[in-house]
Amino acid sequence: MTEGAFTRQRLPLRAKLASAVSRSAGALSRATGRGDGSVIGGRLGMLIDPDLLAHLAAGRRIALISGTNGKTTTTRLTTAAMGVLGPVATNSFGANMPSGHTAALARAGHTPYAVLEVDEHYLARVLADTNPAVVALLNLSRDQLDRAMEVAMMATRWREAVTAHPGVHVVANADDPMVAWAALPANDVTWFSAGQRWQEDSWVCPACTSAIARDGEGWACAGCDLRRPQPQWTAEEDTVVGPDGARYRVKLALPGRVNVGNAATALAVAARFGVRPADALPRLGEVASVAGRYAQVERDGRTVRLLLAKNPASWLEAFDMAEPAPTLLAVNARVPDGLDTSWLFDVDFSPLRGRPVMVTGDRALDLAVRLEVNQVPFTHVASFADAVLAVPPGRLEVIANYTAFQDIRAELDRVL
Amino acid sequence: MSSELPTGLATGRTESALRLVWVYPDLLSTYGDRGNLLILVHRARARGMPVESVEVRSDQRLPEQADIYLLGGGEDGAQAFAAQRLNADGALHRAVDVGSVVFAVCAGYQLLGTSFYAKDTEHAGLGLLDLRSDRGPNRAVGELAATVDPRLGLPTLTGFENHGGRTHLGPEAYPLARVVAGVGNDGTYEGAYRGRVLGTYCHGPALARNPALADLLLRWATGADALPPLDETWTDKLRQERLASLR
């Protein structure tokens with residue numbers, strides 16, 4: 001079915017107009033270099049038809065992916081896995097609020113499937129609008145607390161959203177007590193184990209506020225019956241173990257153990273739609289960069305790799321991915337990053353000792369004070385370009401938070 | 001009231017190493033609170049002081065003989081639970097009685113007072129400072145700067161605040177500082193102290209931008225009148241940048 005036929009047959013007139021405006025605004029935004037068009041088109045479309053997202057979602061089988069970290073990458077991997085079944089619509093630019101979902105679905109035209117990354121604050125609304133078949137809940141940890149909801153509050157909101165939609169199948173991380181508690185009201189849950197390196201936000205039981213005791217990978221509340229559910233899918237080193245005990249070697253182009261966990265989640269979600277892991281695995285291996293993240297770029301004889309790290313949990317993952325090469329750390333504190341840099345003291349930068357470290361960004365001085373206390377020697381550079389010139393030919397790892405990452409990505413001509 | 005100012009006597013010390021306790025990191029640790037412990041350890045070691053630091057979880061007994069106790073921020077439920085546990089334990093009160101230093105930020109600061117609000121319910125605090133906290137009309141989020149009580153001899157306090165509460169001081173607590181930018185306790189004053197117990201709404205790693213305050217806590221704990229200077233190149237630059245951002 002062509003996109004035009006889809007629009008004529010399925011959408012009410014108002015939605016049809018809204019969808020067309022959304023698509024052309026997105027195209028205009030891209031053509032004029034103002035953005036990648038993921039958001040503006042959706043916003044305009046929703047002004048014309050407030051129910052546009054629901055209209056565009058109708059008739060598709062949809063998976064939503066949400067969590068503090070890993071949702072863009074897991075969405076990309078899940079989309080690749082679902083590709084086994086046919087065309088899949090997705091918001092692949094990390095535009096994860098309803099305007100981004102609207103733009104993505106309008107742009108994709110008719111597809112039988114959609115995989116949508118959802119900002120954790122919008123999960124309840126997008127669940128209601130899109131009536132998904134599957135919702136994947138990855139993790140919850142501290143992230144931009146000056147504007148975001150505190151972790152326990154976020155878990156409560158998720159739990160309310162799950163309770164309000166008992167029919168949706170939930171794929172949830174058994175290793176995160178906050179996520180497990182949020183997912184439990186669902187009638188039907190597939191549990192996965194992707195590990196939880198960051199545990200500082202789940203020492204207190206969200207159900208009864210008693211202490212949560214951990215023993216290896218297990219965890220249990222001391223005061224009530226909340227405990228780690230038995231996972232059906234497990235990530236182990238470079239292997240994903242499925243519900244039937246079958247072991248799948250995962251060969252990813254993406255670095256780090258965290259991405260094996262993301263792959264396990266993608267396989268678990270896709271399996272709900274009937275995708276066999278063996279069919280999906282080769283497609284997972286083809287994902288090399290996600291909205292510029294993990295991308296490797298040649299610049300003046302240096303091989304630059306970009307890693308995005310937005311909060312304490314994702315900085316720990318980035319250190320695991322980065323090779324022991326000269327490393328540039330870039331930190332801003334603009335509105336999308338959160339205005340507060342306190343989290344720098346939640347991150348232990350000591351894994352960077354022994355390699356040349358440079359700092360830059362709007363809040364390089366906060367980073368400098370943090371590294372001094374952490375006894376990590378560093379130099380301050382004015383810009384990404386200066387950092388490239390400051391290192392010998394070879395690899396340069398760049399770890400940056402959100403807007404710092406976008407600035408560097410823009411400087412590298414929007415590498416994808 | 002000069003008797004309430006630090007005397008320089010290290011009455012709380014019983015061992016040769018400086019003992020730092022982070023109180024209940026399982027409950028009171030929202031955002032960079034670990035930083036205050038790391039900064040005190042760093043600045044003490046840089047002066048050649050031996051340091052021991054311990055993190056005491058809420059299901060453990062609090063040691064009574066530490067030199068500095070640190071309390072961080074926390075979510076409402078955790079804050080109320082922490083107050084209940086600390087009152088039941090009693091060790092922090094006994095430590096303060098013998099001259100130990102307490103440094104508390106945000107929710108930890110509120111629970112040093114006589115009462116505070118969490119989840120719309122009034123809870124009993126520890127009563128270590130004469131103050132009470134209630135809910136403000138809006139959440140105070142942003143840069144905070146305040147001129148410190150001249151008796152403490154510190155430069156301008158700078159930090160980031162993020163709290164929904166307002167704090168009202170009784171006659172037995174001194175305001176730590178007078179607000180230049182931001183909200184602090186009530187839009188006029190920020191923080192409080194009495195003896196060697198000090199609290200502030202500068203949340204998270206408040207000492208990162210206020211190294212002189214860190215050194216004040218170390219001087220209170222050790223009885224030293226002065227500490228050898230450290231290289232403050234980066235902290236000075238950071239302070240200048242943050243204070244300039246308010247103009």
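Start by selecting Val189(A), which sits in strand S6 of chain A. Keep in mind as you go that this is a predicted model. Is Val189(A) buried, exposed or partly exposed? Count the other C-beta atoms within 10 Å and you get 18, so Val189(A) is partly exposed, since a residue needs 20 or more to be called buried. Leaving aside residues up to four places away in sequence, Val189(A) touches Val170(A), Ala172(A) and Ala183(A). Now pick Leu13(A) as well: Leu13(A) is 176 residues from Val189(A) along the chain, and their C-alpha atoms are separated by 38 Å.

**The sheet around S6**

Next, colour the strands of the sheet that holds S6(A). Reading across, the order is S2-S3-S1-S4-S5-S6-S9-S10-S11 in chain A, which makes an open sheet of 9 strands with mixed pairing. Which strands sit at the edges? Look for S2 (88-90) and S11 (247-249) of chain A, each of which pairs on one side only. Turn the view along the sheet and follow the twist, which averages 15° from one strand to the next.

Zoom in on S1 (residues 61-66) and S3 (residues 113-118) of chain A. These two run parallel and are joined by 6 bridges. To see one pairing up close, select Leu64(A) and its bridge partner in S3(A), Leu116(A).

**An enclosed helix**

Select residues 98-108 of chain A, which are helix H6. How many of its residues are buried? The count is 11 of 11, so H6(A) is largely enclosed by the rest of the structure. Click through some of the buried residues, including His101(A), Leu105(A) and Arg107(A). Step past the end of the helix to Gly109(A), which has a positive phi, near 65°.

**Two domains in chain A**

Where the two meet, domain 1 of chain A contributes 16 residues and domain 2 of chain A contributes 15. On the domain 1 side of that contact you'll find 4 nonpolar, 5 polar and 7 charged residues.

Another open sheet to pick out in chain A has 6 strands in the order S12-S13-S17-S14-S15-S16, with mixed pairing. Its edge strands are S12 (296-299) and S16 (379-380) of chain A. Follow S15 (residues 357-360) of chain A: S15(A) pairs with S16(A) in the parallel sense over 2 bridges. Here Val359(A) stands opposite His380(A). Helix H13 (residues 364-373) of chain A packs on this sheet, touching S14 (327-330), S15 and S16 of chain A. The direction of H13(A) makes about 145° with that of S15(A).

**Over to chain B**

Select S4 (residues 101-105) of chain B, where 5 of the 5 residues are buried. Which side chains point which way? Val101(B), Phe103(B) and Val105(B) point one way from S4(B), while Val102(B) and Ala104(B) point the other way. S4(B) runs parallel to S3 (residues 68-71) of chain B, joined by 4 bridges, and Leu71(B) has Ala104(B) as its bridge partner. S4(B) also pairs in the parallel sense with S11 (residues 197-200) of chain B over 4 bridges. There, Phe103(B) partners Leu198(B).

Now show both chains together: 30 residues of chain B are in contact with 23 residues of chain A. Elements giving two or more residues on the chain B side include helix H1 (34-46), helix H2 (76-89) and strand S7 (131-148) of chain B. That side has 12 nonpolar, 12 polar and 6 charged residues.

**Last stop: confidence**

Colour chain A by pLDDT. Its mean is 88, and 92% of its residues reach 70 or more. Finish at residues 1-9 of chain A, where the pLDDT is below 50. Beyond near neighbours in sequence, this stretch has 8 contacts in the model.

Notes: Residues numbered from 1 in each chain as written. Chains lettered and ligands numbered in written order. Predicted model: local features only at pLDDT ≥ 70, side-chain atom pairs only at ≥ 80, totals over all residues. Pairing = 2+ DSSP bridges. Axes fitted to C-alpha atoms, helices over the stretch in contact; angles between N-to-C directions. Contact = placed C-beta atoms within 7 Å. Buried ≥ 20, exposed ≤ 12 C-beta atoms within 10 Å, placed from the backbone. Nonpolar A, V, L, I, M, F, W, Y, C, P; charged D, E, K, R; others polar. pLDDT = per-residue confidence, 0-100.
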